[in-house]
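Let's take a walk through this fold together, starting with the whole chain in view and ending at a single residue. Keep the 3D view open as you read.

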Amino acid sequence: MLQIECPYCGVRDEQEFTFGGPSHVERPTPECSDEVWTAYLYFRENARGPHAERWCHSFGCGQWFNAVRDTVTHVFHRVYAIGEARRELEESRQ
Ligand SMILES: [Zn+2]
């Protein structure tokens, strides 16, 4: 069974968590073009390797957090708070 480290509770079983999609996706302004809005709604990076994602410890503390997970091996390289910068992803790719 996959183990995920919650930054607030520690390591727990995967079943306690809910996947929340990619992290660091910025919502465009309301004045943006239809193409920009369509890209925001429907197109996401389909990374092979380290990928920044949002996870929720829904059957634990209930907190959302970011994680860098390798989409090939499912290894979690690091977990970090929602407000932290995307540089965490860049550091994990090295
Ligand atoms: Zn937790």
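Before we look at how strands line up, one term is needed: two strands pair if DSSP finds at least two bridges between them. Please also keep in mind that this is a predicted model.

With that term in hand, look at β4 and strand β5 (residues 64-70), which pair in the antiparallel sense over 7 bridges. In general, strands of a sheet pair through backbone hydrogen bonds, in either a parallel or an antiparallel way.

Step back, and these pairings belong to an open sheet of 4 strands, in the order β3-β4-β5-β6 and with antiparallel pairing. Its edge strands are β3 and β6 (76-80), each of which pairs on one side only. From one strand to the next, the twist averages 30°.

How does this sheet sit in the chain as a whole? The chain has 2 helices and 6 strands, and from the N terminus on its elements run β-β-β-α-β-β-β-α. Its C-alpha atoms fill a box of roughly 45 × 30 × 20 Å along the principal axes. Of the contacts in the chain with a separation of 6 or more, 50% are between residues 24 or more positions apart. Of the 94 residues, 16% count as buried.

Where does strand β4 stand in terms of burial? In β4 (residues 50-56), 5 of the 7 residues are buried, so this strand is largely enclosed by the rest of the structure.

Glu53 has its place in β4. Is Glu53 buried or exposed? A residue is buried if 20 or more other C-beta atoms lie within 10 Å of its own; Glu53 has 20 C-beta neighbours inside 10 Å, so it counts as buried.

What stands opposite Glu53 in the neighbouring strands? Pro22 stands opposite Glu53, and Glu53 also stands opposite Ala67 in β5. Leaving aside neighbours within four places in sequence, Glu53 is in contact with Phe19, Gly21, Pro22, Ser23, Ala67 and Arg69.

Terms used:
Residues are numbered from 1 along each chain as its sequence is written. This is a predicted model: local features need pLDDT of at least 70, side-chain atom pairs count only at pLDDT 80 or more; totals for chains, interfaces and linings use all residues. A residue is buried if 20 or more other C-beta atoms lie within 10 Å of its own, exposed if 12 or fewer, and partly exposed in between; C-beta atoms are placed from the backbone. Axes are lines fitted to C-alpha atoms, for helices over the stretch in contact, and angles run from 0 to 180 degrees between N-to-C directions. Two residues are in contact if their C-beta atoms, placed from the backbone, lie within 7 Å.
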